[in-house]
Amino acid sequence: MHLIVAEKNISARRIAEILSDGKKITEHKDTGVSTYTFGDTTTVGLRGHVVEIDFEPGYKNWRSEESTPRSLIDAKTIKIPTERKIVALLQKLAKQADRVTIATDFDTEGELIGKEAFELVRAVNAKVPVDRARFSAITPQEIKHAFSHTTELDFALAAAGEARQSIDLMWGASLTRFISLAARRGGQNILSVGRVQSPTLGMIVDREKEIEAFIPEKYWQLSLDTEKNGERIEARHTHGRFHEKGEAELARDRTKAPLMVTDVKFGEKQDRAPSPFDTTTYIVAAARLGFSAANAMRVAEDLYMNGFISYPRTDNTVYPASLDLEGILKTIRASPFKKDVEWVMANRRAVPTRGKKSSTDHPPIHPTGPATREALGDDAFRIYELVLRRFLATLSPDARWKTLKVLFEAGGEEYTATGGQLIEPGWHAVYPYSEAQETILPPFTVGEHLPVKKVTLDEKETQPPARYTQSKLIQRMEELGLGTKSTRHEVIAKLVSRKYVEGTPLRPTLVGRVVTESLEQHADMITRPDMTQTIEAHMQQIKESKRTREDVIRESRQMLHRAFDQLEANEAVIGDDIRGRTAEEMNLGKCPACGGTLAIKHLRGNTQFIGCSRYPECTFNIGLPMAQWGFAVRTDEVCDKHCLNYVRLVRKGARPWDIGCPLCHHISSNKESLAEIPSLDDHLVQKLQAQHIYTVAELAHSTPESLAKRLEIPPETAQTLIADAGSVLAKLRRRSECRKFMRDHLIPRKGRSYAKILTSLKTAGITELSGLAHADVAMLKAAGIGEAESEEILAQARITYYGQVLREIGIPAVSLKKYVAAGITSPEAFCSHTVDVLSKRTGMSSGTVQKHVDLVCTYLKKPVPKKVSKIQVERGKKELLKIKGIDAAVIGRLAPAGIINASALLEADADNLAAQTGIPAHKIREYQAAIQKKRDTAIIQL
Ligand SMILES: [Zn+2]
Ligand SMILES: [Zn+2]
């Protein structure tokens with residue numbers, strides 16, 4: 001069997017489709033992993049890396065005495081499978097293979113993934129020949145060519161990838177641990193440091209400092225408006241920026257009509273068509289369409305896997321001679337851009353444009369097949385269109401502009417106006433992303449006099465350098481050799497998720513800044529790009545087989561040890577510095593109750609809240625959702641009313657949840673529950689808030705005296721308020737208990753939302769457990785819960801709710817368990833059974849049971865059943881047996897319902913008794929008639 005190993009499942013399927021040449025493909029699923037078989041060939045897709053490197057066991061404990069952060073530098077590493085199912089399947093297939101072809105992506109990362117697959121294959125099959133297929137697009141032409149010209153795995157290229165992995169692990173792990181431990185941070189709060197990440201963050205911090213240090217300078221600009229043929233024309237003073245206001249004013253005052261045309265220059269300008277896309281220029285262009293760098297890459301990779309565009313990770317901006325441009329044009333003519341493609345075919349430039357970088361691994365990004373909006377969806381289609389149009393632009397003629405420059409003079413001051421007219425749109429015709437702005441001026445003749453309509457003096461300020469956008473940062477990283485085309489966008493995403501930077505454009509957070517500055521001060525090589533550049537240069541040497549992986553890793557270890565020499569000597573200083581400066585990042589402003597400092601507090605176990613620095617003297621606090629909904633951080637925005645910083649909940653991979661001003665949020669989220677207190681009107685709410693009482697609980701827990709004093713109300717009113725608040729609080733607790741119950745008992749299911757179910761239960765009037773206990777299956781079904789699950793939930797709700805009631809009545813928890821086990825769950829059930837039956841079923845003494853029944857019956861205001869002796873039972877039995885139709889079996893069914901003699905049977909409600917005993921009601925009525933008859937006879941006999 002010929003086994004083909006692709007980088008992803010989707011490429012495995014595409015390769016099978018192409019190579020099978022119409023032969024039947026059988027898809028087979030093995031433990032969730034697909035393989036595609038045609039003839040004697042099987043393709044299987046990996047999930048990128050299926051193994052990862054980690055330290056040998058023994059380094060997990062951060063606080064271990066032996067394995068210090070520094071010890072990680074020299075720690076041995078091992079490879080562990082991360083995708084066990086795929087690894088197992090690959091090895092199973094490899095055993096049967098007589099040829100294996102590695103068809104992973106064609107770059108360092110892909111070569112390493114290929115080598116990992118190679119090692120997994122070799123581990124189970126020592127002899128099978130393994131070759132490598134390399135391609136830049138998953139198109140029939142490229143794939144067929146690659147598989148008929150397979151080569152060897154490039155072990156030098158893979159070794160470079162491995163070296164990078166090892167170095168990144170050792171830098172990242174040792175430094176992250178060191179800094180986090182020094183700053184005493186753990187869990188979600190660790191401070192990560194990385195080989196590429198830290199210098200990148202350093203650049204963002206540096207830019208921020210430049211902006212802060214920037215002192216704007218004022219300058220003045222002079223312009224005038226004139227008119228020709230009824231058209232308004234603006235001309236600028238040729239001096240440009242005036243740095244002295246007086247000078248500008250003088251020039252303005254000298255500007256007097258008439259305005260004379262002194263020179264008219266015609267010209268022509270070439271506007272070169274853009275060069276082909278490499279990864280960076282592509283990301284920049286996609287950013288203009290609103291795609292983040294990571295998103296742009298994700299979409300492009302998807303398009304590549306599906307054969308619509310070529311491999312999107314490339315440094316090349318020159319089409320290789322081997323690339324069949326004509327063929328591509330013909331292929332994409334079948335796309336919705338037929339008209340544009342045909343225009344380019346008819347107007348093609350002699351030689352396509354070329355950029356500055358040329359490399360041999362991949363061609364620039366270009367379309368490889370036709371696609372439609374319907375097939376791709378909006379986002380992917382916009383990216384596809386961008387790549388396609390860029391390709392068309394690189395084959396289109398340059399644009400040509402006609403330019404016009406006019407010089408004027410007014411009172412000895414010189415002004416100028418320029419115009420531009422697109423005379424040949426060239427590539428602009430197919431590439432609308434960079435707009436061609438025309439300024440068309442009317443014709444002028446030298447010596448002509450014109451009016452001066454208006455003279456304008458503008459005061460302006462010089463601007464600080466701009467913050468980095470993601471795409472600008474990626475460009476800068478590329479210039480500095482930071483990271484690779486495949487990792488740059490991931491590094492930025494990591495900085496955001498680690499809360500080191502925020503916003504668009506990117507700004508450092510306080511922590512990001514503090515960590516950077518601390519490292520800069522004590523081991524600046526970590527934050528400078530030089531170190532990373534050196535390592536990148538070493539990677540290149542490995543690829544060219546000029547150095548070995550081991551050699552490069554050894555040198556990197558030495559560099560890191562030198563950094564640790566500095567860091568360890570300053571551990572205490574670094575720790576104090578970071579801790580001292582980051583404590584501030586959680587401060588929100590003044591405590592409204594006491595003037596202390598309010599700050600976000602994170603406790604163990606996901607609890608977070610806002611508390612006062614003067615605790616325990618001041619107990620003012622604001623609750624926050626649990627940290628699994630997002631880790632609470634401060635933002636820069638400040639509430640106008642409360643002067644508190646806004647709070648945001650951030651969660652990896654999710655949109656941040658903006659709480660806004662915590663106090664405004666607190667007030668509004670308590671509004672509804674306060675409104676439930678009948679004796680509380682708006683005026684009183686205002687008064688309460690002025691006294692910093694915001695919640696029902698705070699009100700319920702106040703004392704009448706202090707409340708009366710604080711609100712300036714009579715003590716009786718205060719008393720009523722507190723009592724009302726107390727009952728609302730109890731109700732709120734019951735509601736939240738009911739919500740928690742539903743959350744605990746509803747099975748999580750995809751596409752089903754707790755919130756929706758809770759809302760529809762609320763509409764049905766079910767907000768508390770008692771309501772749920774008395775609900776029926778139909779009501780739950782209406783809320784979107786299945787029948788079986790509804791029954792289960794109702795049964796559980798009854799047990800829980802009645803359990804609470806029974807415990808309140810005074811049934812001890814131990815006994816309650818026994819009752820529940822015996823099926824006695826509701827208070828009513830206590831009264832519908834005799835003490836004997838209860839005692840028998842639960843195994844408790846009849847004395848204990850009697851005590852419980854007394855309690856329950858008193859609570860339910862039902863008559864307490866009298867204790868019945870054995871003699872009474874026997875006597876009753878005899879009496880009943882005399883009634884026509886009653887035998888021992890009937891007595892056995894009547895007893896649990898408390899019917900132990902003829903009188904009891906006569907008094908019972910036939911329908912109720914029927915329901916309890918299962919004896920048909922008409923039978924019971926017959927018995928009752930028989931008893932009545934007997935009694936009547938007895939009276940007559942008397
Ligand atoms: Zn306080
Ligand atoms: Zn506020």
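Asp 30 is buried, with a relative accessible area of 18%, where buried means under 20% relative accessible area, exposed means over 50% and partly exposed lies in between, as computed with a 1.4 Å probe on protein chains only. This is a predicted model, in which local features need pLDDT of at least 70 and side-chain atom pairs count only at pLDDT 80 or more, while totals for chains, interfaces and linings use all residues. Residues are numbered from 1 along each chain as its sequence is written, chains are lettered from A and ligands numbered from 1 in the order in which they are written, and side-chain values use heavy atoms, with hydrogens and water left out.

**Buried positions**

Asp 30 belongs to strand E2 (residues 26-30); helices (H or I, at least four residues) and strands (E, at least two) are DSSP runs, numbered from the N terminus. Apart from residues up to four places away in sequence, Asp 30 touches Leu 89 and Lys 92, contact meaning heavy atoms within 4.5 Å.

Ser 518, which is found in helix H17 (residues 510-523), counts as buried at 1% relative accessibility. If its neighbours within four places in sequence are left aside, Ser 518 is in contact with Ile 574, Asp 577 and Ile 578.

Helix H15 (residues 470-480) has Ser 471, Leu 473, Ile 474, Met 477, Glu 478 and Leu 480 as buried residues. The cover over the buried residues of H15 includes helix H7 (197-213), helix H9 (279-288), helix H10 (293-305), helix H16 (488-497) and helix H18 (529-543). Just after H15 comes Gly 481, which takes a positive phi of about 70 degrees.

**Salt bridges**

A search of the whole structure finds 62 salt bridges, each being a side-chain nitrogen of Lys or Arg within 4 Å of a carboxyl oxygen of Asp or Glu. The table gives some of them.

| Glu 162 | Lys 79 | 2.9 Å |

Glu 162 counts as buried at 6% relative accessibility, whereas Lys 79, at 33%, counts as partly exposed.

Asp 658 lies in strand E24 and Arg 648 in strand E23, so the pair ties together parts that are ten residues apart in sequence. Asp 658 is partly exposed, with a relative accessible area of 48%, and Arg 648 counts as partly exposed at 24%. Elsewhere, salt bridges that share partners join Lys 79, Lys 115, Glu 119, Glu 162, Arg 549 and Glu 550 into one network.

**The zinc ions**

Donors are N, O and S atoms within 2.8 Å of the metal (3.2 Å for Na, K and Ca), and sites may look incomplete because water is not among the atoms. Cys 591, in the loop between strand E18 (587-590) and strand E19 (597-602), and Cys 612, in strand E20 (residues 608-612), are 21 residues apart and link distant parts of the chain. Both Cys 591 and Cys 612 are buried.

The zinc ion (ligand 2) has Cys 639 (SG), His 642 (ND1), Cys 661 (SG) and Cys 664 (SG) as its protein donors, lying 2.0 to 2.3 Å from it. Here the four donor atoms subtend angles of 105 to 114 degrees, which makes the arrangement tetrahedral. The donor spacing for ligand 2 is C-x2-H-x18-C-x2-C. Cys 639 and Cys 661 are both buried.

Technical notes: Tetrahedral: all angles 85-135°; square planar, octahedral: opposite > 155°, others 65-115°.
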